[in-house]
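Please have a look at it before reading on.

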Amino acid sequence: MRPLLLQGHERPLTQIKYNRDGDLLMTVSKDKIANLWYSHNGEHIGCYVGHLGALWTVDCNKTSTLVITGAADNTARLWHAETGRMLHTWELPTAVKRVEFSHDDQYVLMVTEERMGHKSGIYVFAIDISRPEQSDEPIVILRASGAKPTVAAWSYLDKFIVSGHEDGSLSLYDWRNEEVVQTAKAHDSIITDMQMWKDGTYFITSSRDMTARLFETATLEPMKIYKTDAPLNTATMTPTQDLVILGGGQAASEVTTTSSRQGKFESRFFHKIFEDEVGRSRGHFGPINTLAVQPDGKGFASGGEDGLVRVHHFDPEYFKFKYDY
């Protein structure tokens, strides 16, 4: 598995995302730039330039015509994917830590930070590409009663919004009625990432408590747990093999005293059903901050604190892998 090394960022990566077809890869980092790449050969297509602070999050609609980014400059911005033209800017009270298009591309959610007396929240805006201007008024603002939300995602049929919180809890919102349907204690520490399965019926979370967990969306019932020996920043699922991929490592402030092997900066593969670790992929020189799997399952990409994006295309042996249980 010889990876492609994408060197388009000078600061740590914060999120990477494939488009629905898997031919494009979007990367954002703390250097204010969002990059777009061809995933099959790592060719750089262009940048989305305009943010004035570190970028935290990126997403693309299903037709790959629109890109949305969220940043520490208290804005989320909508871009024309092909030309890089900025179409709209949403001004929010604080930094935008997570954005995601709904499954029907008619809405977008934004998770904001808790800062300077402003409470964090999950904002939902309508997207209407037939209009030249998007609405600046959110349809709903969901406020957590307890710890602040750090990540959020749409459920199946966009019926619910699931959020992960700083204290390790999960909330399931009936967002149209602004009601909390279900809550659950998921982790012992902050939830660092949440990624839905493609049909939205279950999802995976990662946490600094050194575990990743699988939950059913409708009930927030825990289904599986994957235990590691390092804090986790990200977790994702492969669509072809029954595997999950986890990434993390020692905190960035401590890595100067540690070799890359001791720092545990590998992508770790676990069997989704049996919860056993089955392999590792190394290469980063710092903690892995974000992981994404190609929608067709033929590869995955990792973004690290070292500012590098590594795009892996699986070898034929990977697809012949049979778990010996």
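## About the model

This is a predicted model, in which local features need pLDDT of at least 70, side-chain atom pairs count only at pLDDT 80 or more, and totals for chains, interfaces and linings use all residues. Residues are numbered from 1 along each chain as its sequence is written, and side-chain values use heavy atoms, with hydrogens and water left out.

## A four-stranded sheet

Four strands form an open sheet in the order S1-S28-S27-S26, paired antiparallel. Strands here are DSSP runs (E, at least two residues), numbered from the N terminus, and two of them pair if DSSP finds at least two bridges between them. At the edges are strand S1 (4-6) and strand S26 (288-293), each pairing on one side only. On average, neighbouring strands of this sheet are turned by 20 degrees against each other, direction ignored; the axes are lines fitted to C-alpha atoms.

Strand S26 runs antiparallel to strand S27 (residues 299-304), and five bridges join the two. Leucine 291 stands opposite serine 302 in S27.

## Cysteines without a disulfide

How many disulfides does a search of the whole structure find? It finds zero, where a disulfide is a pair of cysteine sulfur atoms within 2.5 Å. Cysteine 47 is in no disulfide, and the nearest cysteine sulfur, that of cysteine 60, is 16 Å away. Seen from cysteine 60, the closest cysteine sulfur is in cysteine 47, and 16 Å is too far for a bond.

Cysteine 47 is partly exposed at 34% relative accessibility, whereas cysteine 60 is buried, with a relative accessible area of 10%. Buried means under 20% relative accessible area, exposed over 50%, and partly exposed in between (1.4 Å probe, protein chains only).

Methods. Axes fitted to C-alpha atoms, helices over the stretch in contact; angles between N-to-C directions.
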